[in-house]
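User: I would like to learn how to read helix packing and salt bridges in a model. Please take me through one.

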Amino acid sequence: MEINLISDTVTKPTPAMLDVMFKAEVGDDVFKQDPTVNELERYTAKLFGKEAALFFPSGTMANQTAIKLHTQPADEVICDKWSHIFLYEGGGVAANSGVSCHLVDGDRGKITAQQVRNVINDPEFYHAPTTRLVSIENTTNKGGGACYELEELEKIKRVCQEHNLKFHLDGARLWNAMVAKNQHPRDFGNLFDTISVCLSKGLGAPVGSVLVGSAADIKKAIRIRKLFGGNMRQAGYLAAAGLYAIKNNVERLAQDHQRAKELGEVLVGKKWIASVAPVETNIVIFTLQQNIDEKMFVEKLKQKSILITSMGQGKLRMVTHLDYRGVMHDFVIDVLKRMEF
């Protein structure tokens, strides 16, 4: 029995999800003639209180489309130093949009309104790039699944309005944040110009993300998606999985959060642990004492059929998910409790 805690992207469709995929009504989405894709887009847009939505093969493409949508070459994007758009999207902000990132030293991947205000460039100072977009990530990946409070996001929104900046949300794990904080999709739809949400992480769909926004922005996004090579034909089979995931797999995220908290609690009590980041959702990030070799530790778990990953700079990560069952959780807890160095 292999227990994969590398990411929540490792899940496989459940029999019920596969059933709706096999039965999906499909057409050619390039001509907007796939009824299931159209339904997913309408449903997601309505959920967030936005005018329109667009289905993408990946969250990276959805984020990169939003950045290109809101900026021009030589503009600047404000984001946290640990942002996915900066660290894990292959330099796409530069390659795809010709823009730079002004990195903010936030708290576990979260930035504040005051930090945003402090780094906005004077538009009259032509030596500096034009600040055009603020992008935040919720939950934060490298920040250990940390969640923003709505009050701070509202403050950032006001700063954006004061300075005529666009506001984008990388909501790859936004479903986790909403469950953890008892928030509603419209809370976020009211604040952001665009939001990308992933269907293939905590929700268990095999592939896909959705970008929501105004009708005008999504119309432009269709052209950008084409430019990036993201058009799909009979994508309804995938969209059916996404619809099922949104309708059936959101509330159960609370179970993932509880199991992650329990893993964190065990780690906190071990002498070979240097630190454990606060666990708010389904991500557990921890560091080892300096005398413990990181590769040896990962290999020792692998020998027990437990797979985890390194995030660099000494950070190790475990992510709970749909396929991480109770019997697996009990086994991992037992192994961690027994481990000594």
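User: How is the packing of two helices described, in general?

Analyst: Two packed helices are described by the angle between their axes and by the distance between those axes. In this predicted model, where local features need pLDDT of at least 70, side-chain atom pairs need 80 or more, and totals for chains, interfaces and linings use all residues, helix α1 (residues 15-22) packs with helix α11 (residues 236-248) at about 135°, the axes being 8 Å apart. Residues are numbered from 1 along each chain as its sequence is written, and side-chain values use heavy atoms, without hydrogens and water. Helices are DSSP runs of H or I, at least four residues, numbered from the N terminus. Axes are lines fitted to C-alpha atoms over the stretch in contact, with angles from 0 to 180 degrees between N-to-C directions.

User: Which word describes how α1 and α11 lie to each other?

Analyst: Under 35 degrees counts as roughly parallel, over 145 as roughly antiparallel, 65 to 115 as roughly perpendicular, and the rest as oblique. α1 and α11 are therefore oblique to each other.

User: Which residues of α1 and α11 meet?

Analyst: Contact means heavy atoms within 4.5 Å. From α1, Ala16, Met17, Val20, Met21 and Phe22 meet Tyr237, Ala240, Ala241, Tyr244 and Ala245 of α11.

User: How many salt bridges are there?

Analyst: A salt bridge is a side-chain nitrogen of Lys or Arg within 4 Å of a carboxyl oxygen of Asp or Glu. That rule gives 15 salt bridges. One of them joins aspartate 29 to arginine 225, with the closest N and O atoms 3.6 Å apart. Aspartate 29 lies in the loop between α1 and α2 (35-48), and arginine 225 in helix α10 (residues 215-227), 196 residues apart.

Conventions
Helices (H or I, at least four residues) and strands (E, at least two) are DSSP runs, numbered from the N terminus.
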